[in-house]
Amino acid sequence: MIKHLLSIDQLDREAIVRILDTAESFREVGTRVIKKVPALRGRTVVNLFYENSTRTRISFEIAAKRLSADVINFATAGSSVAKGESLKDTALTLQAMGADAIVIRHSSSGAPLTLSRWVTASVLNAGDGTHEHPTQALLDLFTIREHFASFEGLRVAVVGDVRHSRVARSLTLGVARVGGQVTLVGPPTLIPPEAPAWGAEVSYDLDAVLPKADVCYMLRVQRERQRQQFFPSIREYSRLWGLSRARVDALPDGALIMHPGPMNRGVEIASDVADLPRSVITDQVTNGIAVRMSLLYLMLGGARVANHVLAADAEGAPGE
Amino acid sequence: MLFRGARLIDPASNHRDRTDVLVEDEEVGGVGPGLSSARAEVIDCDGLVLAPGLVDLHAHLREPGFEHKETVESGSRAAAAGGFTAVCAMPNTDPVADNAAVVIEVRNLADKAGLCDVHPAGAITRGLQGETLTDIAEMAEHGVRLFTDDHNCVQSSRVMRLALEYAKAFEVVIAQHAQDASLSEGWQMHEGYYSSLLGLTGAPGEAESIVVARDLALARLTAGRLHVTHVSAADSVRLLRDGRERGIRVSADVTPHHLALTDGDLIGYDTSLRVNPPLRTSEDRDALRAALADGTLDAVATDHAPHAPEEKEQEFDQSPPGTIGLETALAVVLTELVGPGLIELPAAIERLSLGPARILGLDDQGGPVAPGRPANLVVFDPSTEWTVGDRPFQSQARNSAFTGRRLRGCVLHTMLRGRFTVKEGQPTR
């Protein structure tokens with residue numbers, strides 16, 4: 001298994017399938033009364049969050065705790081970082097304290113890669129700038145797999161602010177890696193002209209794409225982008241690229257609606273659309289825990305020390 | 001001092017053959033085969049190249065104000081180690097070199113170090129703010145030949161027009177780091193495939209070429225003398241070539257890193273490759289190489305930009321742009337351009353010595369290597385290979401874009417007015 005998870009691009013198809021298969025068995029742990037296995041007992045996982053995050057940080061924290069790891073949450077506000085400590089010195093400090101894994105969220109693209117050069121702990125990218133969010137892509141693939149027999153030929157429309165979205169980058173590369181086809185949809189100002197080189201198709205016309213989509217994946221649109229003039233008004237954006245109730249009807253039967261959260265209800269997604277049965281947004285959150293458990297378990301070598309414990313504990317435990 | 005059996009590459013005299021060069025006191029005493037002198041120390045230069053000392057149009061020596069990055073002394077030592085006998089020091093110091101007092105201070109510091117002639121550039125506008133012209137005449141009286149706001153590209157067309165116009169009275173050159181501010185806002189690298197993949201904010205090549213086009217128009221309007229520094233985009237090259245053909249008084253330089261590297265090299269978020277202007281595509285790089293060979297670009301300039309380790313060992317977008325370059329410039333040109341046959345050695349030497357000396361109007365630099373001329377010389381071994389970073393830099397900084405790369409060509413001796421500043425690869429002071 002990989003030492004660090006910095007980009008979805010590091011994973012080949014087999015590795016992705018293995019992570020998802022392992023997550024499958026961990027999801028069951030979350031349904032038990034006692035939601036805990038001893039796989040990472042005695043290991044230390046540090047959540048190093050330079051950027052505010054609720055769901056990703058909590059998801060990683062729950063994942064590590066369900067594996068019995070010790071979890072330290074290091075939020076930069078009020079910390080040594082607020083006193084001006086550099087990323088390098090923070091990294092060396094965590095290293096000296098014996099962290100086995102560092103989960104990092106950072107506003108600077110590439111910060112996890114830079115961090116990985118300074119520490120021996122495994123580094124997990126929990127979102128870096130406008131670069132990547134690989135665990136999000138994996139949990140999205142996991143969620144899609146619950147509904148479709150195969151990724152082969154699967155058509156995923158990713159709609160919105162692709163230019164500034166780390167989710168879009170990871171998801172596009174991930175879907176392509178497992179055999180699906182991504183169409184990026186949004187205003188031309190928010191789709192990099194180089195996106196076809198990522199292996200995606202590009203369209204500016206959401207209505208033309210929806211009838212052919214198996215998954216309609218809506219990206220969060222920050223209001224700041226309107227102030228930066230990437231589009232003229234929220235109203236116009238919403239009218240052209242928002243997922244309204246009427247547009248949902250254009251989707252094929254069985255097509256999923258997804259969103260990485262947090263949602264801007266009424267902007268990129270109509271409120272009642274978010275709550276439709278075919279919307280799997282809360283499933284994404286639930287699955288995030290299982291996928292992150294799978295990654296921590298595989299990357300920290302939990303498979304070696306704890307396989308027998310898990311196998312004795314539950315049916316269908318992950319195997320090596 | 002007698003340099004025996006060197007291949008003398010002297011663009012000013014078109015010399016390119018094996019010969020002896022005698023140095024007497026501060027001057028060249030003689031050039032020709034079979035020279036001898038009873039009292040001269042003889043240096044065997046078999047297999048070595050002797051050339052006029054190199055001249056750099058664009059170096060940040062950081063003093064006064066940023067001595068934690070570099071000083072005039074350490075920068076001069078790096079220059080000498082790279083074979084340079086003259087450098088033009090950029091004005092973005094603290095205080096800014098926008099008045100004669102700072103110019104005099106930098107010159108004094110350089111004289112005290114005595115390792116390399118330092119020609120301070122003056123700011124075009126006060127505080128590099130792009131609004132009010134500096135006292136250009138007073139600085140020109142103190143020997144300033146080149147004025148630039150460097151990385152604060154003069155945005156106002158009116159201010160740039162007036163600078164080009166006013167400077168005509170003093171035969172000085174107005175140099176521009178061409179970069180449209182609004183089109184490059186928040187930039188971290190070149191805008192293209194790699195910026196889209198790395199999630200880094202890009203500045204397109206057009207942020208440069210738009211300003212080059214404007215400044216060429218202003219140079220034509222004013223008949224002023226324009227220099228475009230560290231050209232990075234293919235489209236700028238096209239505009240410069242066209243401008244020259246139309247008789248506009250324009251010169252231009254390019255850095256070794258833009259000649260050698262591309263935006264694809266940023267894949268590992270290495271902050272020493274974060275430079276301003278950014279590394280661009282291989283098409284841009286190839287256009288720059290061709291333009292240097294055909295003379296559209298007059299000079300190679302290092303844009304030597306030293307930073308302290310803790311400034312570069314940061315997140316990519318938080319690290320300041322710049323790479324050091326004085327100690328690698330010659331070897332990069334030899335390795336990346338002369339080696340593959342993209343430019344002939346004499347032309348490469350011309351772009352590193354005579355070309356920039358002419359732009360600065362330095363009569364004592366860039367050759368010819370001839371009797372009675374000041375003995376500003378470099379001797380290098382064109383074939384020795386070395387790995388950048390294996391031996392310590394003479395610069396106080398170590399943020400080199402070329403660290404870890406194998407380069408061919410090694411400076412052995414640098415001589416400033418008949419005195420060694422570097423001998424056997426080691427600075428003499």
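Biologist: In chain B, B:Pro368 sits in the loop between α13 (354-360) and β16 (377-387). This is a predicted model, and I would like to read its backbone with you. Which residue is joined to B:Pro368 by a cis peptide bond?

Modeller: Start from the general idea: most peptide bonds are trans. Here, B:Gly367 and B:Pro368 are joined by a cis peptide bond, with omega at about 0°.

Biologist: And where in chain A is A:Pro262 found? What is omega for the bond between A:Gly261 and A:Pro262?

Modeller: A:Pro262 belongs to the loop between β9 (256-258) and α11 (271-274) of chain A. The bond between A:Gly261 and A:Pro262 is cis, and its omega is about -10°.

Biologist: Is A:Gln229 buried or exposed?

Modeller: The cut-off for exposed is over 50% relative accessible area. A:Gln229 has 60%, so it is exposed.

Biologist: What about B:His230: where is it found, and is it buried or exposed?

Modeller: B:His230 lies in the loop between β13 (226-228) and α7 (234-245) of chain B. B:His230 is not a glycine either, and has a positive phi of about 30°. Buried means under 20%. B:His230 has a relative accessibility of 1%, so it counts as buried.

Notes:
Residues are numbered from 1 along each chain as its sequence is written. Chains are lettered from A and ligands numbered from 1 in the order in which they are written. This is a predicted model: local features need pLDDT of at least 70, side-chain atom pairs count only at pLDDT 80 or more; totals for chains, interfaces and linings use all residues. Side-chain values use heavy atoms; hydrogens and water are left out. Helices (H or I, at least four residues) and strands (E, at least two) are DSSP runs, numbered from the N terminus. Buried means under 20% relative accessible area, exposed over 50%, partly exposed in between (1.4 Å probe, protein chains only).
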